[in-house]
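Colleague: Hi! I'm new to this one, could you walk me through it?
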Amino acid sequence: MINPFRKGILFGTVFSIVGTALVVSAIFIAIVAMNTAADTRVAFSKHTEALLDTVESAASIACFVGDQQLATEVVSGLLKSHEVARVVIRSGDKELARGDRAGLSYQDGQMIKGISRKIVSPFNKGEFIGEINVEPDVYAINKLVREKVYFTISMLVLQLFFVVVAVVLIVYYVVVRPIRSLSNDLHNIDAAAGEKLLAPAGYEENEIARLICDINKLSETLVAALVNEQVLRLQREIDAEKYRSIFDNAGSGIFIADIEGHISSYNRSFVTLTACQFNAHAQPPRLAYVPWSDVDKLMQAINVCLSSGVNQSVDLELETNEHRWLNVNLTAIEGMLVQGVVSDVSQVKQSEATALQRVIMDDLTGLPNRAGLECYLPETIRQGHAEPFALMLVDVKGFKKINGDMGMAAGDLMLRVAASRLKGCLKNTDWLGRLGGDEFTVVLPGISKRGAAESVANRMAGVFRKTIEINDTLITPGCDIGIAFYPADGDDLASLLRSAEFALSYAKREEGQDYQFFTLEMAATAEQHCKLETELHQAIRRNELRLYYQPIVDLQAGCIVGAEALIRWQHPTRGLVPPDVFIFHPKVKTTGFSRLALAAIMRFLNGGEHGLQARKPYGFSN
Amino acid sequence: MLRRFFLVCYFVAFSSVAVAADDVVVIVNQKIGVNKMTRDEVINVFLGRNRQLASGVTALPLDLPGSSVERERFYLQLTGKSMNEINAYWARLIFSGKASPPAQVRNQEEAVQMVIDNRSAVAYVARNKVSSSATIVYELNAK
């Protein structure tokens with residue numbers, strides 16, 4: 001309840017009017033006071049002049065004859081006037097009479113300048129014979145002024161009082177009462193029921209009536225808006241119910257969560273899929289309570305989704321007994337929340353895993369193949385940061401022969417036996433795979449020293465020396481092993497395998513040595529051989545190989561019975577290369593070199609100029 | 001024009017008559033040694049302001065009876081005031097005793113005689129009443 005004396009219209013109005021009136025009155029009173037003082041002085045002057053007129057002839061006579069008694073009478077007559085404080089009559093230099101009002105004591109400074117009049121001779125108007133001085137009574141004049149001012153003030157106060165009373169009554173009856181009545185009506189009105197305000201009696205035509213009219217209109221508009229709003233809300237509730245039903249009964253799990261993972265809503269399917277019972281009363285549900293195997297991945301996806309606004313899809317494994325896989329598709333809602341649609345992708349994952357298994361496994365032995373090796377070796381090996389390890393290539397001796405002589409089934413059996421025996425030599429942390437053919441691959445993690453690798457290699461060579469029974473035949477296969485170390489012999493898989501291959505080829509070549517470690521010389525030799533091979537191919541094509549014939553003379557018959565054909569390589573940069581450098585090259589056999597050489601010799605013999613008969617030359621290996 | 005002419009004639013005639021017969025003059029005793037008085041001196045003496053004459057003698061002014069034409073004429077011509085005004089003047093002063101009106105004589109002859117007999121007497125009479133033993137010190141006229 002507001003305090004009507006401090007905040008009410010009535011108080012405010014009266015306060016303002018009284019305040020204004022007081023200020024204006026104060027100004028008026030000041031003006032009146034000043035004017036009254038001036039008027040009173042003027043009135044005093046006029047009055048004194050009139051008095052002087054009446055006593056002038058007597059004063060004139062007194063001065064004329066220097067009659068002090070007469071002058072004194074004039075003075076006492078003048079002093080009867082209340083405003084006169086002092087009268088002095090002088091004749092020439094002589095003071096004829098002086099009179100002061102009894103009971104007044106003036107300092108000289110207090111005297112107001114009085115009125116003085118020259119006295120002329122009664123018989124000669126042109127002769128000044130004296131002077132009369134009348135000085136006013138300041139107290140009396142001030143008192144007079146005060147009385148007048150007080151009167152004015154009391155009049156103004158009276159006027160103010162009546163004005164205030166009038167204003168109070170007018171404001172109360174014209175403004176406050178109708179407004180209060182209007183306010184009370186407004187408190188009690190039920191706008192929703194269509195009730196309206198009525199103008200108070202006697203105010204049907206003025207501003208109050210207009211105000212009431214406006215309030216009624218506003219009330220109508222608001223009520224109409226409320227009704228409209230209700231209809232809309234009902235419609236929206238129906239729609240929301242529809243969507244909620246869809247939401248609740250959807251096959252996919254749906255949830256809405258914020259960036260912290262607090263779930264604001266979720267449906268039945270979400271609970272079913274995640275196998276997670278939220279107790280909403282105990283604590284608000286959170287995505288973290290779902291037993292994801294990798295909840296950080298989900299939270300990161302939510303972050304990315306909210307910051308970029310792009311839909312995110314993540315596959316997550318549930319750490320339940322069934323090890324189900326769920327796909328969560330995230331959509332940002334207004335940049336603050338994410339909506340996640342959860343679907344079971346366990347079957348897809350299963351199929352994927354099976355397909356992958358098929359790709360990376362060797363069906364025959366159940367061991368991983370080359371793709372499996374690539375999967376096994378960590379990503380870091382490509383950057384050279386992985387832990388050191390040893391890589392072994394194990395070649396089963398005589399596999400081709402068994403495969404050819406006893407059939408593919410025997411070969412397969414042999415490989416399976418070899419695989420199981422190799423497995424027996426290895427620790428659980430070691431890796432065994434078949435990269436193809438009769439070649440097995442072993443990875444020994446953490447091994448970087450020859451000693452440790454040697455013991456494993458010896459163990460493996462040992463198991464291959466034991467006989468295998470295949471189709472009632474006992475076979476002792478034996479093996480060759482090439483060993484390379486990561487990262488010393490190759491810092492990626494390809495180069496490491498190549499190094500192991502080199503070592504393996506040396507092991508195969510060396511009889512009685514089951515394994516070989518890779519060395520740099522192997523690589524250099526291999527490189528040289530490779531180069532020679534390339535050049536030899538070019539040499540044949542460019543016809544750089546020459547045949548030189550040395551005649552064989554039968555000294556008894558004294559005739560040439562044959563010729564020794566020597567092959568020479570006229571190399572464009574190295575000059576004449578001796579045959580021992582290239583003739584024993586392991587690849588020479590495969591290059592068709594011997595056929596070319598033979599053809600050339602046959603061409604020479606068939607030339608017929610020499611009388612020689614062709615026969616298979618000595619020292620020619622096929 | 002004609003009217004102004006008559007006016008001028010009237011003044012000339014009146015003044016000549018006044019000078020001739022009814023002129024009032026102020027006389028003093030011959031022995032006093034005063035031959036001439038100013039108008040102010042005459043006023044001072046007769047209206048009680050200062051009765052010292054120029055020679056140092058205190059003058060004794062004499063008034064003609066109240067019914068006298070000369071007295072009325074004298075005061076009127078001297079001060080411009082009527083006898084009533086002169087009487088009122090004296091009435092104001094009579095109580096204070098500071099100044100007193102001139103002593104009154106019965107007629108002009110007595111006045112002349114008083115002047116001849118009394119050294120300090122000063123009187124006003126018609127010119128034709130003046131004897132040779134008195135000195136005319138001031139002449140009043142209608143001017």
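This is a predicted model: local features need pLDDT of at least 70, side-chain atom pairs count only at pLDDT 80 or more; totals for chains, interfaces and linings use all residues.

Colleague: Great. How much area do chain A and chain B bury between them?

Modeller: They bury about 1,300 Å² between them, with 59% of it on carbon and sulfur atoms. Phe64(A), Val65(A) and Phe123(A) supply 47% of the area that chain A buries against chain B, more than any other three residues.

Colleague: And how many residues does the contact take from each chain?

Modeller: It takes 14 residues from chain A and 17 residues from chain B.

Colleague: How many salt bridges are found across that interface?

Modeller: One. Arg49(B) pairs with Glu127(A), and their closest N and O atoms are 3.5 Å apart.

Colleague: Which element gives the largest share of chain A's side?

Modeller: That is H2(A), with five residues. By class, the side of chain A that touches chain B has eight nonpolar, four polar and two charged residues.

Colleague: New topic: where does Glu70(B) lie, and is it buried or exposed?

Modeller: Glu70(B) lies in helix H3 of chain B, residues 69-79. Glu70(B) is buried, yet has no salt bridge.

Colleague: Which side chain of opposite charge is nearest to Glu70(B)?

Modeller: Arg73(B), at 5.2 Å.

Colleague: What does the side chain of Glu70(B) make a polar contact with, then?

Modeller: With the side chain of Gln108(B), at 3.2 Å. Glu70(B) also touches other residues, including Val24(B), Leu64(B) and Tyr124(B).

Notes: Residues are numbered from 1 along each chain as its sequence is written. Chains are lettered from A and ligands numbered from 1 in the order in which they are written. Side-chain values use heavy atoms; hydrogens and water are left out. Helices (H or I, at least four residues) and strands (E, at least two) are DSSP runs, numbered from the N terminus. Buried means under 20% relative accessible area, exposed over 50%, partly exposed in between (1.4 Å probe, protein chains only). Lys and Arg count as positive and Asp and Glu as negative; His and the chain ends are not counted. A salt bridge is a side-chain nitrogen of Lys or Arg within 4 Å of a carboxyl oxygen of Asp or Glu. A polar contact is a pair of N or O atoms within 3.5 Å; within protein, one must be able to donate a hydrogen and the other to accept it, and residues adjacent in sequence count only if both atoms are side-chain atoms. Contact means heavy atoms within 4.5 Å. Buried area is the accessible area (1.4 Å probe) that two parts lose on being put together, summed over both. Ala, Val, Leu, Ile, Met, Phe, Trp, Tyr, Cys and Pro count as nonpolar, Asp, Glu, Lys and Arg as charged, and the others, Gly among them, as polar. Lists of a residue's contacts leave out its neighbours within four places in sequence.
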